[in-house]
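This report covers a pocket and a sheet.

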Amino acid sequence: MDPAVLREDMVDSLEHEVKSVLHTDRVALAMREVPREAFVENERVAYADRAIEADGTTVLAPSTAARLLETLDVHEEHEVLIVGVGVGYTAAVLAEIVGSERVHAVDIDRNMVYTARGNLDEAGYGEVFVDCRDGAGGLPEYAPFDRILLEAAAVRPPRALLEQLAEDGRLAMPMGTTDQTLVAVDPGGEVIDRVCPVVFRPLLLEGQQPGSIERNRTAREDREFAERHARKRNGWEQEWIDWDASQ
């Protein structure tokens, strides 16, 4: 069947099921546009509403992705950070809403970073910036962020992520260990919305990810790459350009 038809059916079911998980037009429209088959190798299950194990990670069920995005409450003008990019699907949906250049993502697993970059490029969102980082440290080179999405469970929001939120920012995350709840918190770490029970893998720390030895050896290079990319994207706004000398 045509993937576009499957996408329409998927979103229709998320909007109209008994316990609707899609409430805003901007999220629904974005999910109708993103080719989910670019992120899930098996097209037969790409649009089924269930989680899928792929490339050593869990691809979220469409209903779970929708709940995360609704909780995040993202708007067109927002700068967004995703911690735990996975295969890149939620990053693509957010890119549909705010634009690819406003979406930044990190993952502690270098293999997932490569996978997400490839998937996003194939799907038409190659300008999303994806870097290999310890997610608990965020991405300070691009802060502040209006919205941060943490796609891994933690007992409390990492302090660095809260510090990288804009003054009126919002962070969405699964909070807890065995009993997890999808919540939204403000920059002070206060819970401002409790949504529903969820089950996510825990947030990994440095040294816990696959290939940690290689990751540790290249931490500096990853950081320098992000800084260069940030400078490049600022274009004509660079402070180091001496306009008088260039006349």
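## Pocket lining

Strand 2 (57-59), helix 3 (62-72), helix 4, strand 4 and strand 9 each give at least two residues to the lining of the largest pocket. Helices (H or I, at least four residues) and strands (E, at least two) are DSSP runs, numbered from the N terminus. The lining holds 21 nonpolar, 10 polar and seven charged residues. Here Ala, Val, Leu, Ile, Met, Phe, Trp, Tyr, Cys and Pro count as nonpolar, Asp, Glu, Lys and Arg as charged, and the others, Gly among them, as polar.

## Basis

The model is predicted: local features need pLDDT of at least 70, side-chain atom pairs pLDDT 80 or more, while totals for chains, interfaces and linings use all residues. Numbering starts from 1 along each chain as its sequence is written, and side-chain values use heavy atoms, without hydrogens and water.

The largest pocket holds about 690 Å³ of space. Its lining has 38 residues, and T57, T58, G84, E151 and R201 are the closest to its centre. A pocket is an open set of points on a 1 Å grid over the protein atoms alone, where a 1.4 Å probe fits, with protein on both sides within 12 Å along at least five of seven lines; lining residues have an atom within 4 Å of a point. Volume is the space filled by probe spheres set on the points, which are joined across faces, edges and corners.

Seven strands form an open, mixed sheet, ordered 5-4-3-6-7-8-9. Pairing requires at least two DSSP bridges. Strand 5 (129-132) and strand 9 (191-198) are at the edges with a single partner strand each, so one side of each lacks a neighbour in the sheet.
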